[in-house]
Amino acid sequence: MDAPSVASARPAWKDLAYGSHPFDLVKVRLQSQPFDRPARFNGPIDCFKQTIQNEGFKGLYRGLSMPVIGAMLENATLFVVYGQAQNLLRRYTSPTPDLPDGRPGPLSLPKMAFAGACAGAATSLVLTPIELVKVRMQVQMIAQEQTANLSQQSTGQAIKQKLPGPVQLTRSVLQQHGFKGLWLGQTGTFIRESGGSVAWFGAFEGLARFFISQKQKSAPPGKIITKDNLSSPELMLSGAAAGAGYTVILFPADCIKSTIQTGDELAKGRKQAGFLQVGKDIYKAKGIKGLYSGCGVTIVRSAPSSALIFWLYSLCERYFG
């Protein structure tokens, strides 16, 4: 048998990041359109077309390095805190019966939701600086075009400069806003991650427990069905539902966050408004639809990735405890 190729040996999280990044870029560009002037993009398909026409296919992968790093840190923080929060709840609240193999039994859904909220809150602190740099990289070309157009109007000559990379952007944020500037948009990330993680873990656990209850009805007397008895399609369907639920529940918070974080790039010279004011401005200009700009394309990205993440996580739980 031939040795595995580099492509086949690549970790799954890299494939997830590479495959889903264009959807994330489109989402951010749709969310970040200024609400005080006509929209640049008419929707996700138009955004895809314009990006490819103006920047080539590589334009769809602008800022890719940041979500690759973010995916590793996010999932590590999320599942570590989620597990530790469950341990604390088992220690300080009413105990749950152990499973037949001696492992702790599952907590109630409200307790699982609380553990998810704790995990999301902790993850938001890790994600905000990474997402700040990522979204600014994703709108760089648009910002440069705006600057070039203004330059051409005033001097008759369009001036384009080399776009800064993630290190330069981070330095720029530190110079302009200090260390705390890296957490610009933290309110939106906190709301999205803490509330969204309740939906993420809650949807997965809820649907998984539904499948368990259905299997339990036809199980032999005395046999206790657990998550270990679920098939891969059942686990992946539960994970996909989690991804969709996470996206829909608190998507407006993500939209507001992206608008705030791209303000320095797309709205230079304008005083930065707070979280609630930006939300009001978006709603006033575009209605509820504006707060869900890019939601559909995000579900297309998040459902498959969540399906794979929860399937792998459940298999690791099953075989390694």
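**Close-up views of a predicted helical model**

**View 1. Ser124 and the residues around it.** Leaving aside residues up to four places away in sequence, Ser124 touches Gln186, Thr189, Phe190 and Glu193. Contact here means heavy atoms within 4.5 Å. Ser124 sits in helix α5. Its relative accessible area is 0%, so Ser124 is buried. Buried means under 20% relative accessible area, exposed over 50%, and partly exposed in between (1.4 Å probe, protein chains only). This is a predicted model: local features need pLDDT of at least 70, side-chain atom pairs count only at pLDDT 80 or more, and totals for chains, interfaces and linings use all residues. Residues are numbered from 1 along each chain as its sequence is written, and side-chain values use heavy atoms, with hydrogens and water left out.

**View 2. Helix α5 against helix α8.** Helix α5 spans residues 109–138 and helix α8 residues 186–217. Their axes lie 7 Å apart, and the packing angle is about 140 degrees. α5 is therefore oblique to α8. Axes are lines fitted to C-alpha atoms, for helices over the stretch in contact, and angles run from 0 to 180 degrees between N-to-C directions. Angles under 35 degrees count as roughly parallel, over 145 as roughly antiparallel, 65 to 115 as roughly perpendicular, and the rest as oblique. The crossing of α5 and α8 is right-handed. Right-handed means that the near helix is turned clockwise from the far one by less than a right angle; anticlockwise is left-handed. Eleven nonpolar, eleven polar and five charged residues form the contact of α5 with α8. Ala, Val, Leu, Ile, Met, Phe, Trp, Tyr, Cys and Pro count as nonpolar, Asp, Glu, Lys and Arg as charged, and the others, Gly among them, as polar.

**View 3. Helix α9 against helix α14.** The axes of α9 (residues 232–249) and α14 (residues 295–320) come within 6 Å. They cross at roughly 135 degrees, which means α9 is oblique to α14. This crossing of α9 and α14 is right-handed. From α9, the contact residues include Leu235, Met236, Gly239 and Val248. From α14, they include Ile299, Phe310, Trp311 and Arg318. The contact of α9 with α14 has 13 nonpolar, eight polar and one charged residues.

**View 4. The whole protein.** The protein has 14 helices and zero strands. Helices (H or I, at least four residues) and strands (E, at least two) are DSSP runs, numbered from the N terminus. Buried residues make up 45% of the 321 residues. Among contacts between residues at least 6 apart in sequence, 77% join residues at least 24 apart.
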